Amino acid sequence: LISNILINKNNVPDYLIKSIINQLIWASTELNNNGSKIKYFGQPYWSLGALHQLKNNIIEKQNKNSKLIHEHSIPRKIIINLILSPNINEFEPIFQILKSYAHSVIISKEEDLKLKPLNSRMPDKINLDDDESIIFSRYKEVGIQVVGMTNIHLKKMKLENIQELINKFHSK
């Protein structure tokens with residue numbers, strides 16, 4: 001759909017094209033390969049602060065995703081601009097951009113405040129052509145530790161298991 005719109009334009013207004021790409025980015029980070037919703041639980045990257053917040057949510061008997069933010073590691077605005085760049089007009093490059101840059105990290109609301117200066121931009125010294133480490137560069141810039149959570153089922157974990165995870169990541 002995106003390739004067809006970008007190649008042929010078909011008089012589709014720019015705002016609509018951007019809106020469609022924006023929804024595609026959200027779908028890339030909120031749904032798994034089966035189409036199941038994984039906005040919070042099932043995400044491969046969490047911050048250490050988000051794990052602490054999850055633990056506090058359980059202790060305080062709040063909703064497990066209370067005070068957690070689903071945050072795009074590369075701002076959507078940047079991904080949209082990459083897709084709309086003049087040399088992108090085929091499915092494979094668009095898919096590659098999404099595969100490379102459409103990732104999310106679950107962070108705490110407190111960490112989100114630290115990240116505000118980089119809300120819609122990358123750190124000054126970062127070039128998107130460098131390497132994959134740029135995905136977490138905004139977090140590193142403001143001192144947020146991101147940890148891999150692939151194959152860890154947080155939603156089913158008990159408090160003591162979450163504390164073990166926190167201890168494990170603190171020791172790294």
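Tutor: Contact means heavy atoms within 4.5 Å. Bear in mind that this is a predicted model: local features need pLDDT of at least 70, side-chain atom pairs count only at pLDDT 80 or more, and totals for chains, interfaces and linings use all residues.

Student: OK, what share of the contacts with a separation of 6 or more comes from residues 24 or more positions apart?

Tutor: Take the contacts in the protein chain whose partners have a separation of 6 or more. Within that set, residues 24 or more positions apart account for 71%.

Student: Which pattern does the protein chain follow along the sequence?

Tutor: Helices (H or I, at least four residues) and strands (E, at least two) are DSSP runs numbered from the N terminus. The chain has eight helices and four strands. Read in sequence order, the pattern is α-α-β-α-β-α-α-β-α-α-β-α.

Student: How are H3 and H8 oriented to each other?

Tutor: Their axes (lines fitted to C-alpha atoms, for helices over the stretch in contact, with angles from 0 to 180 degrees between N-to-C directions) come within 10 Å and cross at roughly 160 degrees. Angles under 35 degrees count as roughly parallel, over 145 as roughly antiparallel, 65 to 115 as roughly perpendicular and the rest as oblique. H3 and H8 are therefore roughly antiparallel.

Student: Which residues of H3 and H8 make the contact?

Tutor: On the H8 side you'll find Leu159, Ile162, Gln163, Ile166, Phe169 and His170. On the H3 side, look for Leu48, Leu51, His52, Leu54, Lys55, Ile58 and Ile59.

Student: And which residues of H3 are buried?

Tutor: Buried means under 20% relative accessible area, exposed over 50%, and partly exposed in between (1.4 Å probe, protein chains only). The cover over the buried part of H3 includes strand E1 (45–47), strand E3 (104–108) and helix H8 (159–170). The buried residues of H3 are Leu48, Gly49, Ala50, Leu51, Gln53, Leu54, Lys55 and Asn57.

Student: Is the crossing of H2 and H4 left-handed or right-handed?

Tutor: The axes of H2 (residues 14–30) and H4 (residues 76–83) come within 10 Å and cross at roughly 120 degrees. That makes H2 oblique to H4. A crossing is left-handed if the near helix is turned anticlockwise from the far one by less than a right angle, and right-handed if clockwise. For H2 and H4 the crossing is right-handed.

Student: Which residues of H4 do Lys18, Ile21, Asn22, Ile25 and Trp26 in H2 meet?

Tutor: Look across from those five H2 residues to H4. There they meet Arg76, Ile79, Ile80 and Ile83.

Student: What is the phi of Lys61?

Tutor: Most residues other than glycine have a negative phi. Lys61 sits in the loop between H3 and E2 and counts as exposed, at 74% relative accessibility. It's not a glycine, yet its phi is positive, about 55 degrees.

Student: And what is the phi of Asn151?

Tutor: Asn151 lies in the loop between E4 and H8. At 70% relative accessibility it counts as exposed. Asn151 isn't a glycine either, but its phi is positive, about 65 degrees.

Student: Last one: what is the relative accessible area of Ser73?

Tutor: Ser73 is in the loop between E2 and H4. Setting aside neighbours within four places in sequence, Ser73 is in contact with residues including Tyr101, His103, Met122, Arg138 and Tyr139. Ser73 is buried, and its relative accessible area is 0%.

Note on methods
Residues numbered from 1 in each chain as written. Heavy atoms only, no water.
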